[in-house]
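Hi there,

I'm handing this one over to you, and I hope you enjoy looking through it. Have a look first, then read my notes below.

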Amino acid sequence: MAKANEMLGIGIIGSQFSSELHAEAFKWVKGARIVAAASPNQKHVQDYAQKYDIPKTFTDYRDLLADKEVDVVCIGIPNHLHCQVVVDAAQAKKHVIIEKPLCTTLEQADQMIAACKEHGVQLCYAETLLFTPKYVKMKELIDSGAVGKVYYVKQAERHFGPHSDWFWDVEKAGGGFMMDAGCHGIEFCRWILDWPKIKSVYAQCDTIHHHDKGLGEDNSLLIIEFEEDALGLVENSSVRRGGMDDRAEAFGIDGTIEANLLMGNALNVYSEKGYSAYAGEKISDTKGWTWAYWDEVMQYGFHEEMKHFVHCIKEGKKPIQTGENGRAVLEILYAAYESAAQGKKIAFPYQPPHKDVIPITPWLKAKGKI
Ligand SMILES: NC(=O)c1ccc[n+]([C@@H]2O[C@H](COP(=O)([O-])OP(=O)(O)OC[C@H]3O[C@@H](n4cnc5c(N)ncnc54)[C@H](O)[C@@H]3O)[C@@H](O)[C@H]2O)c1
């Protein structure tokens with residue numbers, strides 16, 4: 001247990017997109033304050049620290065880990081770097097909040113989980129969809145019997161592609177857009193259905209548009225066949241124009257729930273000339289109709305996510321999302337890319353033949369890309 005009645009010191013590792021969301025969220029978390037930030041780009045980290053009033057900055061995350069005021073690190077850096085930073089943080093006896101996906105290989109996942117266990121620190125897996133207020137309400141309604149037994153659950157994330165170059169590099173990301181966004185939908189389906197066992201996974205992956213950006217696929221469908229007669233469908237597209245579209249549906253024997261995460265809460269704006277104010281994630285053009293999101297960080301669930309993790313770390317409780325959850329998601333991603341490579345269902349339990357290669361490898365081989 002860490003400092004139940006004291007202020008937890010948060011060290012942020014990373015200083016761009018996700019770290020902005022983390023800093024915005026921590027403003028709303030009682031009992032924790034950001035004491036330091038680290039990122040190799042000195043200008044970025046200094047600008048970031050100034051914006052969020054963070055007293056200390058480092059260009060080497062290991063100096064942040066040596067800081068006694070830091071109790072917890074919140075990590076928002078490219079996927080291939082997650083493992084080393086988490087293992088180093090555990091060795092420095094810092095609790096860990098790590099962004100999705102957990103890492104890029106199952107071998108790394110095992111190392112991260114083992115290191116955090118060995119050093120007695122929490123490994124909190126930051127899957128925001130389980131904290132998204134609209135989806136939390138959806139789960140509450142389902143659990144109260146609103147739609148009866150759920151036989152089909154669906155989650156989709158679609159936009160025109162990630163914001164940083166490293167996402168398009170399969171070695172750094174671990175895969176294409178199914179790896180980046182599909183990890184959300186996989187855990188969402190498992191959560192809504194109360195984590196049932198999996199019978200099989202089937203996926204279809206294609207590169208529809210972004211042939212010049214990297215080797216990974218940009219459009220995919222992933223079907224998870226669960227025990228207890230339920231199906232999950234995870235739809236991911238980085239070819240969809242018009243900004244971020246995140247939605248979910250649950251179909252039960254007695255009813256249906258539909259949730260459009262962002263647009264349902266947005267301002268519906270028509271602008272003949274466009275506007276320069278921030279409209280929302282991945283909205284590149286503000287001419288014509290836009291759905292301007294006024295409460296994006298909260299809608300995504302970052303506030304509730306950080307509140308939950310801080311509470312669990314202080315009270316020594318197991319969070320709803322741990323390294324094991326991130327590992328289970330990764331296992332499904334391995335099966336999904338294998339399925340897309342073979343063009344057939346992959347039965348569970350599934351053990352990928354090589355835990356040290358990135359999940360997309362069989363699909364890249366099948367397509368002759370490597
Ligand atoms: N939960 C969500 O909805 C969500 C949204 C976006 C990103 N993410 C995840 O967050 C992570 C980061 O993505 P992002 O969008 O912030 O990327 P980004 O490209 O915007 O930022 C990456 C950051 O990592 C820093 N960095 C690079 N190498 C580093 C190192 N060796 N040590 C410390 N910092 C280093 C960079 O300086 C930069 O600040 C990824 O795992 C991504 O999947 C999650």
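Which of the 24 residues around the ligand come nearest? They are Gln 16, Phe 17, Ser 18, Glu 99 and Ser 164; a residue is near a molecule if its C-beta atom, placed from the backbone, lies within 6 Å of it. By class, the shell has 9 nonpolar, 12 polar and 3 charged residues (Ala, Val, Leu, Ile, Met, Phe, Trp, Tyr, Cys and Pro count as nonpolar, Asp, Glu, Lys and Arg as charged, and the others, Gly among them, as polar).

Please keep in mind that this is a predicted model: local features need pLDDT of at least 70, side-chain atom pairs count only at pLDDT 80 or more, and totals for chains, interfaces and linings use all residues. Residues are numbered from 1 along each chain as its sequence is written.

Next, the sheet. Seven strands form an open sheet with mixed pairing, in the order β12-β11-β7-β10-β9-β8-β15. (Strands are DSSP runs of E, at least two residues, and helices are runs of H or I, at least four, numbered from the N terminus; two strands pair if DSSP finds at least two bridges between them.) At the edges sit β12 (255–260) and β15 (346–347), each pairing on one side only. Strand β8 (residues 198–206) runs antiparallel to β15, joined by 2 bridges. Ser 200 has Ala 347 in β15 as its bridge partner.

Finally, helix α5 (residues 106–118) packs with α12 at about 170°, their axes 10 Å apart (axes are lines fitted to C-alpha atoms, for helices over the stretch in contact, and angles run from 0 to 180 degrees between N-to-C directions). So α5 is roughly antiparallel to α12, a label for angles over 145 degrees.

Best wishes

Methods:
Parallel < 35°, antiparallel > 145°, perpendicular 65-115°, else oblique.
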